[in-house]
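Q: Please guide me through this structure feature by feature, giving the idea behind each one before the case at hand.

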Amino acid sequence: MVNHTNRIVTGAHYGLKDWLVQRVTAVFMTIYLLFMGVTVFVISPQDYDAWKSVFNNQLIRIATFLFFVALFWHAWIVFETY
Amino acid sequence: MEVNLQNKRPKHLDLLKIKQPLPAVVSIFHRISGTLLFFPGIPLMLYGLQMMLNSQQSFEALLDVLSIPVIKSVLLLSLWFFLHHLCAGIRHLALDFHIGSALAQARLGSKIVLISGALLTLLIGIAIW
């Protein structure tokens, strides 16, 4: 987020963090979705219990939580830019 | 007397008449798809996840809803928006590394993005229908 106190006219790099976060979150979400795609393809859960057990995995829970953090952060930067 | 200037040039920016270059089409569609994926995309995805994992009954209710052809088509359209957003985003990352930023390559790149987005949607669509 842009800090409005002590503004510098040039070379302030205000946008650098947003620029970087936009890309890091994008890469993370892509990796997550590829990972989930492969997982679902390999396990191929057919019923409720199978899906439930996929999301009972602690690693998948943490990754899914981080995915949504990345998703909201990714979207927030766009709104902030306008 | 009036000098006959290049009269065929449009006097106004008529959005229905001007033809955007391909990279511009990819770019505006990147924004539109991103907006739609945010809303209504995120709420619908969260609601779907909740239905899928809440209970046996809600899971079956979700399957029933997803088997309706209209809903399936909307889902496929959303998938296309997402895949286009993904492909355009990957192109963006390539451009950050100065890959394909010259005019000819930029046009080729946007063509690849448009085609691969549609093609991936078609393939996944066939797989899940």
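Q: At what angle do the axes of α1(B) and helix α2 of chain B cross, and how near do they come?

A: This is a predicted model. A helix pair is read from the distance between the two axes and the angle between their directions. In chain B, the axes of α1(B) and helix α2 (residues 56-66) come within 5 Å and cross at roughly 130°.

Q: How do α1(B) and α3(B) cross, and what is the handedness of the crossing?

A: The reading begins again with distance and angle. The axes of α1(B) (residues 22-54) and α3(B) come within 9 Å, crossing at roughly 130°. The two helices are therefore oblique to each other, and their crossing is left-handed. On the side of α1(B), the contact is made by B:Val26, B:Phe29, B:His30, B:Ser33, B:Gly34, B:Leu36, B:Leu37 and B:Gly41; on the side of α3(B), by B:Ser78, B:Phe81, B:Phe82, B:His84, B:His85 and B:Ala88. By class, this contact of α1(B) with α3(B) holds seven nonpolar and seven polar residues, with no charged ones.

Q: Which residues form the largest nonpolar core, and which helix gives the most to it?

A: A core is read as a set of buried nonpolar residues joined to one another. The largest one here has eight residues: B:Val26, B:Phe81, B:Phe82, B:Leu83, B:Leu86, B:Cys87, B:Ala88 and B:Val113. Helix α3 (residues 69-96) of chain B gives the most, with six residues. As for B:Val26, when residues up to four places away in sequence are not counted, it touches B:Ala88, B:Ser110, B:Val113 and B:Leu114.

Q: What elements does chain A have, and what percentage of its residues count as buried?

A: Chain A has three helices and zero strands, running α-α-α from the N terminus on. Of its 82 residues, 4% count as buried.

Q: How do α1(A) and α3(A) pack?

A: The angle between α1(A) and α3(A) is about 145°, and their axes are 9 Å apart. α1(A) passes α3(A) in a left-handed crossing. Residues of α1(A) in the contact include A:Phe28, A:Met29 and A:Tyr32, and those of α3(A) include A:Phe67, A:Leu71 and A:Trp73. The contact of α1(A) with α3(A) divides into 11 nonpolar, three polar and one charged residue.

Q: How many residues does each chain give to the contact between chains A and B?

A: The contact takes 10 residues from chain A and 10 residues from chain B. On the side of chain A that touches chain B, α1 (16-43), α2 (48-56) and α3 (58-81) each supply at least two residues, and α2(A) gives the most, with four. By class, that side of chain A has seven nonpolar, one polar and two charged residues.

Q: Which backbone features deserve a separate look?

A: Most residues other than glycine have a negative phi, and most peptide bonds are trans. In this model, a cis peptide bond joins B:Phe39 and B:Pro40, with omega about 5°; B:Pro40 is placed in helix α1 of chain B. A:Ser44, in the loop between α1 and α2 of chain A, has a positive phi near 40°. B:His98, in the loop between α3 and α4 (103-128) of chain B, likewise has a positive phi, of about 60°. With 8 other C-beta atoms within 10 Å, A:Ser44 is exposed; B:His98 is exposed with 8 as well.

Definitions and conventions
Residues are numbered from 1 along each chain as its sequence is written. Chains are lettered from A and ligands numbered from 1 in the order in which they are written. This is a predicted model: local features need pLDDT of at least 70, side-chain atom pairs count only at pLDDT 80 or more; totals for chains, interfaces and linings use all residues. A nonpolar core is a set of buried Ala, Val, Leu, Ile, Met, Phe, Trp, Tyr and Cys residues joined through C-beta atoms within 7 Å. A residue is buried if 20 or more other C-beta atoms lie within 10 Å of its own, exposed if 12 or fewer, and partly exposed in between; C-beta atoms are placed from the backbone. Two residues are in contact if their C-beta atoms, placed from the backbone, lie within 7 Å. Axes are lines fitted to C-alpha atoms, for helices over the stretch in contact, and angles run from 0 to 180 degrees between N-to-C directions. Angles under 35 degrees count as roughly parallel, over 145 as roughly antiparallel, 65 to 115 as roughly perpendicular and the rest as oblique. A crossing is left-handed if the near helix is turned anticlockwise from the far one by less than a right angle, and right-handed if clockwise. Ala, Val, Leu, Ile, Met, Phe, Trp, Tyr, Cys and Pro count as nonpolar, Asp, Glu, Lys and Arg as charged, and the others, Gly among them, as polar.
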